[in-house]
Structure formats: structure tokens, C-alpha cells
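I opened the model to look up two things.

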Amino acid sequence: MKLSFKHVNKQFSGLPVIADFSREIEEGELVALVGPSGCGKSTLLHLAAGLGAASSGAVLADGQAIKGPHPERMLMFQENALYPWLTLEANVALALELQKVGKASARQQARDWLSKVSLQGFEAYYPHQVSGGMRQRAALARAFITKPKVLLLDEPFGALDALTRMTLQDSLRQLIREERPTVLLVTHDVDEALFLADRILVFSPRPATVLREFNLNHHEKTHDLSEFAAIRREILCLLGIHAEQDAFAKKLEGIAA
Ligand SMILES: Nc1ncnc2c1ncn2[C@@H]1O[C@H](COP(=O)(O)OP(=O)(O)OP(=O)(O)O)[C@@H](O)[C@H]1O
């Protein structure tokens, strides 16, 4: 499914948050949105999800105006939104049951999807009984099980340590290769954007406008992103982060992990 943003402006009580944003997100493309905190990235995702309307301009899915939420456009947040009173299996199956799939079939498909994200054996666990990374794996299974045409990912791995985040990025990339949804990914992690995206849009502070766009269409990326070092440096520079600060932050993150 193709997403089109046409001269989109968004204001909240007169506060301009998005200014004249126009882009096409092609079917099966993964576009990462990177920018300073509060610039309006999540707001863009919400417009694509149909959670609110643009103040002016248009947001279209395959040429049709987006008028509200639809299961074919799936939003996934950083905080896993699993229901604490349901097992992982029931949480994942619920996405199908809400679409009127019979319980037995939904449960079987949920078990298959949990296995795809390496959670076989944990079907009967409750969210609080598994790690944060496992909860996000289950959330990924729940996001993919309905085979959405568009995935809107808002910092999906932002709460995870660096190592867990990388393994989740691998899983996400594998699922995307198999299912081919169109993806908009909001992330603060420039390396995550470089690793996962076909294209990166770097936004200005609010109101969000695109400062630069990077095309990364590349077949086999690994977590060794050294060949993207120049782009990485440029993005960090656009975000006002100096290389030494970034190295220090990475070191701290390594110690924390
Ligand atoms: N429903 C709302 N009502 C009023 N203001 C809002 C609403 N949603 C977002 N805003 C404002 O719009 C601005 C952009 O918010 P948004 O969440 O889109 O930024 P962001 O770039 O995703 O930030 P972050 O990276 O910190 O998550 C902020 O100033 C926020 O307070």
C-alpha cells in the first residue's frame, strides 16, 4: 500500500507542528523518520494511522483519503501494549479475534507467530513473566499476525538495551522481508534507521520540515554500518550532535547494557 502526504500541515491549538510535508512512501518501502524530540514525528504517524486529521493538505492510502483507523494500517508503540491479564498467546490471538477469526484458528495462528519470533515455549506466560525484549517480540507477532499493509512503528525498541534492540531489529527485518508491508519508522537511533531503512528523512525542530533525505537502498546490510559512516555523521550533524558526544553516549549505553 502506498502512502501519500500532500502539503500536510498540522497545528494543535494554533501551535504549528508539521509544515507543508509532502512525500510518497512507496509500497513495500521502509522510511525512517528522524528528528529532534517534539518536532512532530509521532504526529505524522498518527495522521497515517487515521488518529486525527491534518489541519490542511491530504494523507492518502493507495489514493484514498485516510478518514480513520483501519486494521490494514497498524500502529505499534515503544511501550508494549500487551494486556497484562492475557497470556502472550491470548494477546497475539486477540488481534485476529477482533477481526472475527474463530478462537481455535486465532490461537493456532498466534502459536505459529510466537514461534516465528522465537517465543515458542512461552505461549502461556503473562507479559510480566517475560523480559522487555520478549514482550516486544510478542508485540511484533501481534502487529504482523493480521498481515497489515502498512506498519507505523513509533520507537518500537526505544526502551530496550542496545544488544536486545539489535536482535529485535534483525527479527523485524526478517518479518518485513517476508511480509513486505509499507513501513514508517520513527526512531531516535540513527543506527537503527541506517540498518532498517530504505530511506531516511531528517526533520527540523518543530514545525517539522524535511532537512535532508537519504536513500539507502542497499541489499545486504549488517550491523557493521561502517560503509554508512559519512551519512551517519551527516545525520548526527543535522541533529546537532557532535561525533565525540555520540561516541560517549554509545560507550555509556554499552556499560548500561
Ligand atoms: N494531541 C495533541 N494535542 C496537543 N498537542 C499535541 C498533541 N500531540 C502532539 N502534540 C504536540 O505536538 C508536538 C509534536 O509532538 P510529537 O509527539 O509528534 O513529536 P515527536 O517528534 O514524535 O517527539 P518525540 O521524539 O519526543 O516522541 C509537541 O509539541 C506535542 O506537545
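I call a crossing left-handed if the near helix is turned anticlockwise from the far one by less than a right angle, and right-handed if clockwise. The model is predicted, so local features need pLDDT of at least 70 and side-chain atom pairs count only at pLDDT 80 or more, while totals for chains, interfaces and linings use all residues. Residues are numbered from 1 along each chain as its sequence is written.

Entry 1, helix pair. I took helices as DSSP runs (H or I, at least four residues), numbered from the N terminus. I looked up H2 (residues 88–97) against H4 (residues 132–145) and found an angle of about 20° with the axes 8 Å apart. Axes are lines fitted to C-alpha atoms over the stretch in contact, and angles run from 0 to 180 degrees between N-to-C directions. H2 is therefore roughly parallel to H4, a label for angles under 35 degrees. The crossing of H2 past H4 is right-handed.

I then listed the contact (C-beta atoms, placed from the backbone, within 7 Å). H2 supplies Leu88, Asn91, Val92, Ala95 and Leu96, and H4 supplies Ala138, Ala141, Arg142 and Ile145. I sorted these residues into seven nonpolar, one polar and one charged. Nonpolar means Ala, Val, Leu, Ile, Met, Phe, Trp, Tyr, Cys and Pro, charged means Asp, Glu, Lys and Arg, and the others, Gly among them, are polar.

I noted domain 1 (3–72 + 148–256) and domain 2 (81–147), with bounds from an automatic or database domain assignment. Their C-alpha centres lie 25 Å apart. Domain 1 gives 13 residues to the contact and domain 2 gives eleven. On the domain 1 side, helix H5 (residues 162–179) has the largest share, six residues.

Terms used
Helices (H or I, at least four residues) and strands (E, at least two) are DSSP runs, numbered from the N terminus. Angles under 35 degrees count as roughly parallel, over 145 as roughly antiparallel, 65 to 115 as roughly perpendicular and the rest as oblique. Two residues are in contact if their C-beta atoms, placed from the backbone, lie within 7 Å.
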